[in-house]
Amino acid sequence: GGWCEIWSSTRSFVGEISLKVSQVIVLPTTYDLEPIGGTGDNVTYFARDLEISSRRLPEAQFCHDMAFFLDLNVPLESKMLPRVVALRVDRERSAHARNFEFSVDMSLLGDAFSSVLPLFEIINRFERVVSDRLHIAIAGCLLGKDVTLLPGIYPKSQSVYSSSIRENYPESRFVEWDEFQFWPLNERQQFEGAGSAASE
């Protein structure tokens with residue numbers, strides 16, 4: 001996510017390092033900005049989406065987000081909690097986002113781990129995952145969870161959802177904040193109307 005207005009460190013780094021080395025390979029990211037100083041003959045770009053990036057950097061080669069290639073052995077939980085709500089609290093949070101009781105920005109736990117396995121073990125304790133964090137949603141998909149992905153401040157999540165998640169993980173859905181209902185009782189029935197409308 002280092003190639004947009006609010007996080008541009010990767011874009012800046014590639015612009016600088018491409019002047020000093022013979023070859024640069026940029027692993028799959030979303031290009032919400034054009035490269036600094038053009039694309040250059042010594043830089044190979046991979047994009048993790050087919051929408052935003054194809055407009056900003058059409059020569060980028062498509063590759064699914066690297067998180068999809070994780071190969072983890074996560075023990076199956078015999079008893080799971082109904083859901084986890086993991087909403088971001090940083091600058092990438094959508095202006096339309098709403099606060100929910102018991103929400104936790106689970107990605108912040110990553111700083112405490114030297115491996116992704118503990119994070120996957122936590123997510124695996126829940127039947128359903130609701131998040132506006134792309135990689136929390138991807139983790140939920142890899143674990144076979146019922147996943148609801150909400151947007152952040154720019155449309156990378158929707159673009160990756162359309163490019164990689166929608167066809168490969170049928171238990172997932174992308175929903176805009178104004179269509180999202182945080183269901184208190186009959187969860188599935190209340191939600192499916194908004195989910196089906198958002199995916200069309």
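The model is predicted. Its helix α4 spans residues 134–142, and helix α5 spans residues 156–168. The two helices run roughly parallel, and α4 is largely enclosed by the rest of the structure. A search of the whole structure finds 0 disulfides.

**How α4 and α5 pack**

- Two packed helices are described by the angle between their axes and the distance between the axes.
- For α4 and α5, the axes come within 10 Å and cross at roughly 25°.
- Because angles under 35 degrees count as roughly parallel, α4 is roughly parallel to α5.
- The crossing of α4 past α5 is right-handed.
- On the α4 side, the residues that meet α5 are L134, I138 and C141.
- On the α5 side, the residues in this contact are K156, S157, V160 and I165.
- Sorted by class, the contact of α4 with α5 has 5 nonpolar, 1 polar and 1 charged residues.

**Where α4 sits**

- Of the 9 residues of α4, 7 are buried, so the helix is largely enclosed by the rest of the structure.
- The buried residues are L134, I136, A137, I138, A139, G140 and C141.
- The buried residues of α4 pack against several strands, namely β4 (81–86), β5 (126–131), β6 (146–149) and β7 (172–174).
- They also pack against the helices α3 (117–123) and α5.
- Just after α4, G144 takes a positive phi of about 75°.

**Residue L119, in helix α3**

- L119 lies in helix α3, one of the elements that the buried residues of α4 pack against.
- L119 has a relative accessible area of 15%, so it counts as buried, the cut-off being under 20%.
- Leaving aside neighbours within four places in sequence, L119 is in contact with M106, F113 and I136.
- L119 and I36 are 83 residues apart along the chain, and their C-alpha atoms are separated by 35 Å.

**Residue Q158, in helix α5**

- Q158 belongs to helix α5.
- With a relative accessible area of 30%, Q158 is partly exposed.
- Not counting residues up to four places away in sequence, Q158 touches F174 and E176.
- The C-alpha atom of Q158 is separated by 11 Å from that of R133, and the two residues are 25 residues apart along the chain.

**Residue L27, in strand β1**

- L27 is part of strand β1, which covers residues 24–29.
- The relative accessible area of L27 is 53%, so this residue is exposed, the cut-off being over 50%.
- L27 and D65 are 38 residues apart along the chain, while their C-alpha atoms are separated by 8.5 Å.

**Cysteines**

- A disulfide is a covalent bond between the sulfur atoms of two cysteines.
- The search of the whole structure finds 0 of them.
- C4 is in no disulfide, and the nearest cysteine sulfur, that of C63, is 20 Å away.
- C4 has 1% relative accessibility, so it counts as buried.
- The closest cysteine sulfur to that of C63 is in C141, 17 Å away, which is too far for a bond.

Key: Residues numbered from 1 in each chain as written. Predicted model: local features only at pLDDT ≥ 70, side-chain atom pairs only at ≥ 80, totals over all residues. Heavy atoms only, no water. Disulfide = S-S within 2.5 Å. Buried < 20%, exposed > 50% of the residue type's maximum accessible area, 1.4 Å probe, protein only. Axes fitted to C-alpha atoms, helices over the stretch in contact; angles between N-to-C directions. Helix = DSSP H or I, 4+ residues; strand = E, 2+ residues; numbered from the N terminus. Parallel < 35°, antiparallel > 145°, perpendicular 65-115°, else oblique. Left-handed = near helix turned anticlockwise from the far one by under 90°. Contact = heavy atoms within 4.5 Å. Nonpolar A, V, L, I, M, F, W, Y, C, P; charged D, E, K, R; others polar.
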